[in-house]
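Dear colleague,

I am handing over a structure that is new to you, and my notes on it follow below. Please look through the sequence and the model before reading on.

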Amino acid sequence: MPFSDFPLSPKLLASIADAGFAEPLPIQVRVVPALLEGRDVIVCSQTGSGKTAAFLIPIIEGLLTAPKARRIHPRALVLVPTRELAVQVNGHFEMLAAHTGLKSVAVFGGVDHGPQERALQDGVALVVATPGRLLEQLDRGAIKLRDVAFFVIDEADRLFDAGFQPEVRRVVDAVPERRQTMLFSATMPGEMSRFAHSIVTEPEIVKLGLVAPPSQIKESFWPVPEPQKLDLLMRLLAEEKGLEKVIVFVRQRARARMLAPELARLTNLPTAELHADLSQAERLDTIGKFRSGEVRLLVATDVASRGLDIEELTHVVNVDVPDTPDDYVHRVGRTGRVDRSGVAITLVSPRELALAASLEEFLRRKIPWQRLAGFPYAPEEETGAAKQLIPGKRRRRAAQPLDQRETSSTKKESPFTRSGKLKKKHTDADFEEKPRRGGRKRAEKKIKGKKLPHQRRK
Ligand code: AMP
């Protein structure tokens, strides 16, 4: 369907056409009509889905058609977790409102107040802001939120993860109760916090399915005993060609600290760490350097990597199997952009076999299992388990398709919910410092008690 099927003003349609958007993306087909009707929404989607335009288009339409009485104070507010996102969303608005005469400003910290305050004084229709600087401007009286009719919280999970919840509360208290609220998040806010639900009124809930990683990405699982993971990682990276921009995901910050200098030496790439020991400012700085190419290898823990949105990586390495298919798809999807090839390597310890198999089951496809020729795999029973997972090797049983072999232990009770979350709730702390808790442990237990197919001797 064309955008002109939506009841949008000609000036807005002209801007959309100039932006080169031929037709609405799936998220826009779902969200735009609900917002044009004036409903609140909670949208669960990933960056890259077209979500920014999904909320900006109805907002611009609303700004164009609302009564013209007071136009001094902003009538739309978009709250975002990072200054990069503030700039990005503001750029999007400028593009989509190009023919409308509507003005906007990005309000974020770390820069002079002057230009932002001047823009606010001149009058803007929309403000995109990070919470800290927005509250500062509120306290200084430089911004008034009493006319805000459209209120967006973008990347709500990141905002709340970063500890911004009290600031968000203050912003919510500062905007009028009569407003349209739009909450966008990569995870469902219901699982995230009651707070998110308290902000919206009878929301339409839109959850977009997982997008499979593009086919040009070369994905692989590498079974290896846990103590040998780092050795194998070193070998794989040493042999890998075309390492341009690489993220290595690890579970513990201590591991990140230990690995970063080793990998820097091995690959000769400018390397940085990203984990919870760093301050928010340091993390943003590191992400900025990685985005610009100043840093080309990033060793990141799960906590710090939440919502990390860096495009055009050549390599993603998961030293541990990600806890959810969502995390896996999101990370892997960062490579192979714009028809470039990408490589996604996941190391799988024997304890993670069930989790990896469940991941394949959830994705409804197999990921090739590989072994590095000449690598001195430890001769333990568990390594034997790993060998069994390479189709076509060793015993006949091992040649069975992976899903068939694993069904007895994993299919009846996958550790994931249908939406791709681990069944047991976990916290960020679980991810980083207590890696064996929660669904992961449950998945491991399942194979312990039942014995994997290769362990059942005839
Ligand atoms: P986002 O998920 O908002 O970060 O958007 C991802 C990318 O999709 C951005 O570069 C947008 O400009 C682009 N985009 C958004 N909507 C459309 C559309 N209808 N057609 C083509 N590209 C789009």
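Helix H12 (residues 253-267) lies across strand S9 (246-250), S10 and S11, and runs at about 165 degrees to S11. Helices (H or I, at least four residues) and strands (E, at least two) are DSSP runs, numbered from the N terminus, while axes are lines fitted to C-alpha atoms, for helices over the stretch in contact, with angles from 0 to 180 degrees between N-to-C directions. Residues are in contact if their C-beta atoms, placed from the backbone, lie within 7 Å.

This is a predicted model, in which local features need pLDDT of at least 70 and side-chain atom pairs count only at pLDDT 80 or more, whereas totals for chains, interfaces and linings use all residues. Residues are numbered from 1 along each chain as its sequence is written.

The strands belong to an open sheet of six, in the order S8-S13-S12-S9-S11-S10, with parallel pairing (two strands pair if DSSP finds at least two bridges between them). Strand S8 (217-223) and strand S10 (271-274) are the edge strands, each pairing on one side only, and the twist averages 15 degrees from one strand to the next. S10 pairs with strand S11 (residues 297-301) in the parallel sense over four bridges, and Ala-272 has Leu-298 in S11 as its bridge partner. Helix H11 (residues 229-239) also packs on the sheet, where it touches S8, strand S12 (315-318) and strand S13 (342-348), and its direction makes about 160 degrees with that of S13.

As for the ligand, helix H3 (residues 51-65) gives the most to the shell around it, with three residues.

Best wishes

Definitions and conventions. Two residues are in contact if their C-beta atoms, placed from the backbone, lie within 7 Å.
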